Amino acid sequence: FLVTVAAMSADEATGPPPAAKGKSKTRCTKTTNAALQSALDEWVAMMDAAAAHAHGTDPRKSAIHTFVETFVPLDVDPEDTTYFAGVLSEDEERFKMLHGELKTCASGETVERITGDQTSQAVFAFPQDSSAECMIVREVVFISQDGKLWRAEG
């Protein structure tokens with residue numbers, strides 16, 4: 001799951017054009033690819049189902065493993081898939097971060113832009129954290145070989 005972090009000034013990241021200042025508008029940018037949107041919605045539902053179980057329980061571990069099998073790139077070997085599922089099962093913060101990022105991509109809320117052709121690649125950019133001096137923008141990349149089956153970029 002590739003995530004690129006870029007830091008920029010708060011004005012660069014969020015500064016509205018002068019005419020728009022004073023108007024509050026929530027960003028909402030969703031993918032134009034129906035298959036990618038469906039995959040994002042499915043991944044969020046799978047993570048929601050895993051989150052419904054207590055941390056460390058077998059049902060949660062099983063739900064996370066099922067999610068990971070649909071999420072990681074197709075060329076990832078079974079041992080690495082199992083390892084990543086184990087990391088998400090054990091590391092609650094990492095689980096919550098990935099869950100939140102997938103919710104952001106699926107809902108489009110706070111997504112600043114989606115680059116790539118959205119047929120073979122889609123790069124979602126959204127703010128992760130901000131302060132008065134800089135904003136961290138996360139970039140989450142999804143890939144597809146046929147425009148229908150989507151996975152995280154590895």
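Let's start with a definition: buried means under 20% relative accessible area, exposed means over 50%, and partly exposed lies in between, with a 1.4 Å probe and protein chains only. Keep those cut-offs in mind.

Now, what are we looking at? This is a predicted model, where local features need pLDDT of at least 70, side-chain atom pairs count only at pLDDT 80 or more, and totals for chains, interfaces and linings use all residues. Residues are numbered from 1 along each chain as its sequence is written, and side-chain values use heavy atoms, with hydrogens and water left out.

First, the overall layout. The protein has 154 residues, and 37% of them count as buried. Its secondary structure comes to five helices and five strands. Helices (H or I, at least four residues) and strands (E, at least two) are DSSP runs, numbered from the N terminus. From that end, the order is β-α-α-α-α-α-β-β-β-β.

Take α2, residues 34-51. It has 18 residues and reaches 25 Å from its first C-alpha to its last, close to the 26 Å expected at 1.5 Å a residue. That expected span is 1.5 Å times one less than the number of residues. At the start of α2, a side-chain oxygen of N33 comes to within 2.9 Å of the backbone nitrogen of A35. The buried residues of α2 include L36, L40, W43, V44 and M47. An α-helix has 3.6 residues a turn, so residues three or four places apart point the same way.

Now α5. This helix has 16 residues and reaches 22 Å, close to the 22 Å expected. At its start, a side-chain oxygen of D91 lies within 3.2 Å of the backbone nitrogen of E93. Just after α5, G108 takes a positive phi of about 80°. Among the buried residues of α5 are F95, L98, L102 and E101. Hold on to E101.

On to salt bridges. Side chains of opposite charge can pair when their charged atoms come close. Here, a salt bridge is a side-chain nitrogen of Lys or Arg within 4 Å of a carboxyl oxygen of Asp or Glu. How many does a search of the whole structure find? Five.

Which residue forms a salt bridge with E101? R138 does, with the closest N and O atoms 2.6 Å apart. R138 lies in strand β4 (residues 135-144) and E101 in helix α5 (residues 92-107), so the pair ties together parts 37 residues apart in sequence. Both residues are buried.

Then there is R113. Its side chain meets that of E112 in a salt bridge, 3.6 Å from N to O. R113 also forms a salt bridge with E139, at 3.5 Å between the closest N and O atoms. Salt bridges that share partners join E112, R113 and E139 into one network.

Buried or partly exposed? E112 is buried, at 18% relative accessible area. R113 is partly exposed, at 34%. E139 also counts as partly exposed, because its relative accessibility is 23%.

How values were computed
Polar contact = N/O pair within 3.5 Å; in protein donor to acceptor, adjacent residues only side chain to side chain.
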